[in-house]
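Trainee: I have this one open and would like to go through it with you. Could we start with the overall layout and then move on to the details?

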Amino acid sequence: MTIKATPIIKDGCLMVGGKVVLTRVPQNILVSPASNDSAFFGATAPTPSSHHVFKLGVLEKYRFLCLFRFKIWWMIPRVGKSGSEIPMETQMLLLEATQESALNDEVNSSETSTDDIFYILFLPVLDGQFRTSLQGTSANELHFCVESGDASVQTSQALEAVFINSGENPFELIKNSVKILEQHKGTFCHIENKKIPVHLDWFGWCTWDAFYTQVDPQGIKEGLQSFLEGGCSPKFLIIDDGWQDTVNEFSKEGEPPIEGIQFATRLVAIRENRKFRSSGPDEDCANLHEFIDTIKEKYGLKFVYVWHALAGYWGGVLPTSDSMKKYNPELVYPIQSPGNLGNMRDIVMVILEKYGVGFIDPSKIFDFYNDLHSYLASNGVDGVKVDVQNLIETLGSGNGGRVLLTGQYQEALEKSVSRNFKENNLICSMSHNSDSIYSSMRSAVARASEDFMPREPTLQTLHIASVAFNSLLLGEIFVPDWDMFQSNHVTAEFHGAARALGGCAVYVSDKPGVHDFKILKRLVLPDGSILRARHAGRPTRDCLFEDPVMDAKSLLKIWNLNKLTGVIGVFNCQGEGRWPMEQEAEEIALAVPSGPSSLSGHVSPHDVEFLDDIAGEDWNGNCAVYGFNSGSLSILPKKGILEVSLTTLKYEIYTICPIKVFGQKLHFSPIGLLDMYNSGGAVEAVNCIIDVSSCTIKVNGRGCGRFGSYSNPKPTLCRVDMKEEEFTYNDKNGLLTVKLEGMGNLREIEFIY
């Protein structure tokens with residue numbers, strides 16, 4: 001089936017691929033072609049305004065997935081079947097459609113062939129100085145909100161506000177749509193056109209949950225030393241919030257504390273604070289430069305990043321500071337959009353709306369970043385994690401609006417990072433607004449969910465699910481950052497397994513001396529490198545319109561690819577939390593089971609998208625499927641299934657290995673390092689040499705430990721780097737295992753038949 005589905009409006013209906021998607025489309029809705037059968041929708045209004053809400057039409061009876069900002073900083077997913085369930089601040093909407101189903105027919109995916117399903121994507125985007133979001137009403141109307149964030153920036157028309165496209169593969173659809181927008185809008189770049197920071201391939205440590213703002217050099221040294229003694233040293237370090245020179249004018253000693261008052265703190269100077277101008281009782285390092293040089297040399301760190309906020313600090317900069325006056329700061333008060341106010345309020349914004357933000361003149365913002373980053377670079381810092389980015393959308397009044405201001409700040413930030421750091425060493429955080437997403441020309445890494453919160457047991461399942469779903473959109477523009485976790489946490493295996501297949505950085509926030517090295521060594525090779533998958537880990541196609549957190553029936557499956565293998569992680573996220581802002585929360589909460597519950601589902605090689613691309617043209621569809629926890633090895637056709645049952649907060653990872661047939665009867669597939677979560681990430685290449693008397697399979701593999709392959713039949717000899725090695729072979733399932741020694745270097749493994 002090939003979908004030719006240019007969106008059109010006919011007889012008051014939005015039609016896509018011959019299907020009615022929306023009814024009662026108003027006459028002021030305009031459609032203009034984009035490319036590849038996609039289109040933009042816009043609208044006209046009788047009078048100009050800085051904020052319009054336009055009705056797009058009535059949406060009913062389609063299963064949908066949307067990504068929306070439940071609070072100003074972060075997106076989460078929601079699934080449903082009607083327009084009334086679509087929240088304010090929706091930034092992506094995906095519909096499931098079938099060729100034969102008519103409007104108002106219930107869609108039952110279990111009875112519908114996947115060959116008959118196609119997908120319709122709505123992306124509210126930037127249109128000049130205006131930004132768009134979607135929202136539903138109780139009458140199942142789908143509206144789009146167009147806003148500038150500045151009362152003086154007005155319009156009476158928005159011609160390219162909502163992008164609509166359709167296709168048979170939801171992942172290709174989103175990717176192709178983002179690429180079309182990249183070319184058409186010219187305000188951002190697809191991830192394939194960005195330089196990827198090297199730190200992503202190395203194990204890291206972030207100081208946040210270990211110390212919070214009390215971080216100091218002595219604590220960092222103690223942490224690095226305890227990692228070293230455990231045999232798993234980080235190669236990149238993030239010195240998080242707590243190193244800067246700041247002041248809080250509103251927190252008075254002896255007075256009752258005000259909730260959230262710490263967010264009114266402002267930056268005094270670009271230099272480090274007093275803690276980092278002395279490294280402890282011995283004071284052997286007098287400043288940040290000496291401290292960073294010392295820890296790099298002693299602990300083998302390759303990259304040291306530091307944290308700062310996009311506005312300098314949470315409350316901006318101190319306008320009365322002598323060192324800040326050159327940036328023309330002024331005290332301003334944030335104004336949030338109705339969409340943010342309609343969802344969940346955030347304590348940060350409550351405080352900043354009351355006490356104000358020390359706002360740097362946009363014409364001086366590059367000078368600020370350049371001064372800060374050049375100072376950091378001169379002290380041995382390799383990159384920055386830049387937080388609190390969405391704050392800028394609330395400061396657009398009087399500054400040309402939220403889109404223009406965000407673009408100015410983003411451009412200045414990226415230009416400074418490019419000038420001052422050798423690589424594109426930037427991690428963006430708290431940046432889930434479309435203003436930032438569609439203004440990122442160079443930024444290549446962005447946090448994909450709210451923080452890992454070790455003291456909040458009900459948020460652990462939400463974290464995993466929200467990152468996976470958010471990565472559908474974010475993963476086309478950034479490498480999603482799954483945030484840190486703690487290796488000794490009760491959910492550490494759950495988090496570690498997810499990050500192993502997330503295609504992301506792997507870093508922890510362990511307190512010094514409090515580690516689980518068994519878990520860490522499933523993620524990290526002895527040289528400090530990780531087995532990072534190739535793409536953003538995303539939900540499998542059959543999970544897209546299910547709720548893996550609250551429906552009490554669905555497992556979450558996340559797929560990814562390595563160079564020669566696929567990988568599927570299965571997670572039971574049910575029964576431990578509920579989505580914020582969920583409609584009818586009390587009734588739903590009663591239906592959500594508490595505590596561990598067992599759920600069953602299935603996995604299939606077919607769940608891994610684009611597996612054919614890595615398998616090669618001569619692949620017959622059979623796969624070796626290896627279960628990490630069970631140690632099981634099964635042979636399945638491409639659409640074969642394995643049953644899996646998991647209790648709450650448990651997981652299983654399956655490495656999906658396409659089997660190649662060499663010669664007449666040799667069936668072989670490398671699995672990888674069996675004791676690593678992402679086993680197949682260790683496999684770099686495989687080839688076969690056949691002569692008159694023998695057949696030799698050569699596998700290039702990384703790392704050390706048990707390296708497994710599927711083989712039928714048993715080989716007669718094994719060599720590693722030209723040296724003969726012992727191997728084991730299981731006649732029942734064909735599992736072939738050889739022990740690799742060493743650190744993390746590339747090895748040539750030969751099996752002779």
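Mentor: Let us begin with the domain assignment, which gives domain 1 (8-100 + 115-170) and domain 2 (198-447), the bounds coming from an automatic or database domain assignment. Residues are numbered from 1 along each chain as its sequence is written. Keep in mind that this is a predicted model, in which local features need pLDDT of at least 70 and side-chain atom pairs count only at pLDDT 80 or more, while totals for chains, interfaces and linings use all residues, and side-chain values use heavy atoms, with hydrogens and water left out.

Trainee: How many residues does each of domain 1 and domain 2 bring to the contact?

Mentor: Domain 1 contributes 26 residues and domain 2 contributes 36 residues, where contact means heavy atoms within 4.5 Å. The C-alpha centres of the two domains lie 35 Å apart.

Trainee: And what area do domain 1 and domain 2 bury between them?

Mentor: About 2,500 Å², with 59% of it on carbon and sulfur atoms; buried area here is the accessible area (1.4 Å probe) that two parts lose on being put together, summed over both. On the domain 1 side, I72, W73 and W74 supply 30% of the area buried against domain 2, more than any other three residues.

Trainee: How many salt bridges does the rule find across that interface?

Mentor: Four are found across the interface of domain 1 and domain 2, a salt bridge being a side-chain nitrogen of Lys or Arg within 4 Å of a carboxyl oxygen of Asp or Glu. As for individual pairs, R69 forms a salt bridge with E393, and their closest N and O atoms are 2.9 Å apart.

Trainee: What about the whole structure, how many salt bridges there?

Mentor: The search of the whole structure finds 39. One is between R63 and E96, with the closest N and O atoms 2.9 Å apart. Because R63 lies in strand β7 (residues 60-71) and E96 in strand β9 (residues 90-98), this pair ties together parts that are 33 residues apart in sequence; helices (H or I, at least four residues) and strands (E, at least two) are DSSP runs, numbered from the N terminus.

Trainee: Changing topic, which residues lie nearest the centre of the second largest pocket?

Mentor: They are W208, F263, W314, D451 and M453, out of 32 lining residues, and the volume of this pocket is about 760 Å³. On a 1 Å grid over the protein atoms alone, a pocket is an open set of points with protein on both sides within 12 Å along at least five of seven lines, a cavity is a set where a 1.4 Å probe fits but cannot get out, and lining residues have an atom within 4 Å of a point. The lining draws at least three residues from each of domain 1 and domain 2.

Trainee: Last one, the backbone: is the peptide bond from N712 to P713 cis or trans?

Mentor: That bond is cis, with omega near 25°, and P713 sits in the loop between β39 (705-712) and β40 (717-720). Also look at M430, a residue other than glycine whose phi is positive, near 55°, in the loop between β23 (426-428) and α9 (434-437). Most residues other than glycine have a negative phi, and most peptide bonds are trans.

Key
Points joined across faces, edges and corners; volume = space filled by probe spheres on them.
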